[in-house]
Amino acid sequence: MGSCVAFSCTNRCSEKIPGLTFHSFPKDETRRKLWVKAVGRENWEPSKFSKLCSKHFPEEMIDRTSLSCVRLRDNAVPSIFDFPSHLQKVVKLRKLPTRAVFEPAYSKIEVQQATTGAETVATESEVVGCSSESPYQSNI
């Protein structure tokens with residue numbers, strides 16, 4: 001009959017294991033390529049007899065509602081494999097850039113009120129910072 005083509009999987013079609021089903025590779029070329037990539041075998045193309053067992057699919061991808069047959073959902077792609085460490089793809093996580101936390105900018109008037117406790121009335125030119133007077137001139 002055949003066996004599962006996944007690396008290090010020893011499940012065989014001839015063994016009747018409850019709940020274990022075998023699935024042929026899709027005929028649709030785009031889905032078939034996704035399955036082949038997921039299997040992770042170099043320079044390998046599945047034949048019409050190649051099968052994957054249900055152990056390699058998440059349970060939500062398997063439709064067990066029928067009493068007579070078990071089917072895979074249309075978007076099912078195998079994703080559960082037991083690759084040895086030297087064959088696993090190393091995913092390097094990059095550090096996220098840290099952001100400096102800045103204090104909110106306070107206006108000159110708010111700081112003066114906070115330090116003296118006195119309320120002052122500012123002219124528009126003082127608030128905007130466009131005073132026509134030089135800070136070094138004294139009012140006579």
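Q: Is lysine 27 buried or exposed?
A: Lysine 27 is exposed, with a relative accessible area of 81%. Here buried means under 20% relative accessible area, exposed means over 50%, and partly exposed is in between, using a 1.4 Å probe and protein chains only.

Q: Okay, and where does lysine 27 lie?
A: Lysine 27 lies in the loop between strand S1 (22-24) and H1. Helices (H or I, at least four residues) and strands (E, at least two) are DSSP runs, numbered from the N terminus.

Q: How far apart are lysine 27 and lysine 48 in space?
A: They're 9.2 Å apart, C-alpha to C-alpha, and 21 residues apart in sequence.

Q: Before I go on, what kind of model is this?
A: It's a predicted model, where local features need pLDDT of at least 70 and side-chain atom pairs count only at pLDDT 80 or more, while totals for chains, interfaces and linings use all residues. Residues are numbered from 1 along each chain as its sequence is written, and side-chain values use heavy atoms, with hydrogens and water left out.

Q: Got it. How many helices and strands are in the protein?
A: Three helices and four strands. Along the sequence the pattern reads β-α-β-β-β-α-α.

Q: And what share of the residues is buried?
A: Buried residues are 23% of the 140 residues in the protein.

Q: Which residues touch the most other members in the largest nonpolar core?
A: Phe25, Leu52 and Phe57 do, out of 19 residues in that core. A nonpolar core is a set of buried Ala, Val, Leu, Ile, Met, Phe, Trp, Tyr and Cys residues joined through side-chain atoms within 4.5 Å.

Q: Which elements supply at least two residues of this core?
A: Helix H1 (29-39) and strand S2 (51-53) each do. The largest share, four residues, comes from H1.

Q: What does leucine 52 touch?
A: Leaving out residues up to four places away in sequence, its contacts include Val5, Phe22, Phe25, Trp35, Val39 and Phe57. Contact means heavy atoms within 4.5 Å.

Q: Switching to rings: how many aromatic pairs does a search of the whole structure find?
A: Three. One of them joins tryptophan 35 and phenylalanine 57, and that pair is tilted, at 5.2 Å centre to centre with 55° between the planes. The pair links distant parts of the chain, with tryptophan 35 in helix H1 and phenylalanine 57 in the loop between S2 and S3, 22 residues apart.

Q: What counts as a pair?
A: Rings of Phe, Tyr and Trp (its six-membered ring) pair if their centres lie within 6.5 Å; planes under 30 degrees apart count as stacked, over 60 as edge-to-face and the rest as tilted.

Q: Which residues form the aromatic cluster?
A: Phe25, Trp35, Trp44 and Phe57 form one cluster. Tryptophan 35 and phenylalanine 57 are both buried.

Q: What about histidine 56, is it buried or exposed?
A: Histidine 56 is buried, with a relative accessible area of 2%. It lies in the loop between S2 and strand S3 (62-63), and among the residues it touches are Cys4, Cys9, Pro78 and Phe81.

Q: Last one: which residue forms a salt bridge with arginine 64?
A: Glutamate 59, with the closest N and O atoms 2.8 Å apart. A salt bridge is a side-chain nitrogen of Lys or Arg within 4 Å of a carboxyl oxygen of Asp or Glu, and by this rule the count comes to one. Arginine 64 is partly exposed at 34% relative accessible area, and glutamate 59 is partly exposed at 49%.
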